[in-house]
Amino acid sequence: MKIVVLVKHVPDAQFDRHLTGPGNTTDRDESILSELDEYALEAALQLSEARGGAKGGNEVIALSMGPAGAVNAVKKSLQIGASSGAHLSDDALAGSDAAATSLALAAAIRYLGADSPVDLVLTGMASTDGETSLVPAQLAERLGLPQVTFASSLDVDGDRITARRDGDAHADTVEATLPALVSVTDQINEPRYPNFKGIIAAKKKKITALTLADIGVDAAQVGAAGSLTAVETAEARPPRTAGTIITDEGDAGIKLVDFLAAQKLL
């Protein structure tokens with residue numbers, strides 16, 4: 001089985017996030033592998049291992065799109081256990097929205113499947129920076145694949161996949177045939193951490209560097225020029241104001257109710 005997992009290099013949630021440049025794009029100076037993509041990677045590794053891993057002819061490819069630093073998301077994926085990696089990077093990609101991103105990623109996946117078809121594309125349920133959850137569905141449409149989104153469990157039997165989608169009051173069981181695209185939630189598994197052996201082994205694994213020319217995409221189709229949306233203006237979030245302190249002098253309950261009523265919370 002050949003599985004492509006999308007991994008994104010996103011700003012570390014421990015730090016404040018900022019927009020930068022004339023296109024109001026995300027500042028990615030302090031970035032890490034998106035933790036939501038680790039669940040997709042773990043799902044891919046479990047599927048591969050259940051079928052004999054590399055010895056059984058299985059392959060897990062970590063694919064990332066972004067500037068030079070985004071290759072670190074691929075390297076982390078290799079340390080965790082991916083077989084190989086691919087990094088799509090081109091100056092023209094800067095400022096791509098979800099639509100332009102899915103177009104480029106679809107072309108990259110076709111490129112990776114040129115020698116042997118890709119059986120399964122796995123993604124996280126969203127990226128922790130944009131949080132739109134748009135790319136998986138758009139990508140499935142561009143690739144002509146059946147899509148199963150927000151899967152909290154995933155099983156593969158032959159050429160058929162079975163996934164569970166959990167709702168607020170019920171769960172749906174969804175089936176599809178391979179090849180397919182599946183986005184998984186953070187309830188599907190418990191991602192593993194890279195160990196010393198994995199870190200050493202990752203140094204010998206191949207990372208394919210790709211450009212737009214390699215995957216046959218014109219620069220006008222991506223970036224700001226190829227995007228359907230744009231951030232026109234952005235302002236820094238205003239600093240938090242001091243809260244209201246209610247001193248209990250026997251009427252704290254009344255003061256609290258009055259405060260909530262003034263905020264239209266009652």
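**Whole chain**

Start with a cartoon view: the protein chain carries eight helices and 14 strands. Both are DSSP runs numbered from the N terminus, helices being H or I of at least four residues and strands E of at least two. This is a predicted model, in which local features need pLDDT of at least 70, side-chain atom pairs count only at pLDDT 80 or more, and totals for chains, interfaces and linings use all residues. Residues are numbered from 1 along each chain as its sequence is written, and side-chain values use heavy atoms, with hydrogens and water left out.

Zoom out. The C-alpha trace spans about 75 × 45 × 40 Å along its principal axes. Of the 266 residues, 42% count as buried. Buried means under 20% relative accessible area, exposed over 50%, partly exposed in between (1.4 Å probe, protein chains only).

**The cores**

Select Ile3, Val5, Leu122, Leu154, Ile161, Val182 and Val184. In the largest nonpolar core, which has 36 residues, these touch the most other members. A nonpolar core is a set of buried Ala, Val, Leu, Ile, Met, Phe, Trp, Tyr and Cys residues joined through side-chain atoms within 4.5 Å. Helix α1 (residues 35-50) gives the most to this core, with eight residues. Another core, of 30 residues, lies apart from it; Leu105, Ala108, Val118 and Leu212 are among its members.

Now centre on Val182. What is it in contact with, leaving aside neighbours within four places in sequence? The partners are Leu120, Val121, Leu122, Thr123, Val148, Ala151, Leu154 and Ile161. Contact means heavy atoms within 4.5 Å.

**Helix α2**

Select residues 71-80. The buried residues of this helix are Val71, Ala73, Val74, Ser77, Leu78 and Ile80. Step just past α2 to Gly81, which takes a positive phi of about 150°.

**Salt bridges**

The whole structure holds six salt bridges. Each is a side-chain nitrogen of Lys or Arg within 4 Å of a carboxyl oxygen of Asp or Glu.

Glu42 is buried at 5% relative accessible area, whereas Arg192 is partly exposed at 26%.

Glu49 and Arg192 are 143 residues apart. Glu49 is partly exposed, at 45% relative accessibility.

Finish with Asp251 and Lys255, a salt bridge of 3.7 Å, N to O. Asp251 is partly exposed at 28%, and Lys255 is partly exposed at 32%.
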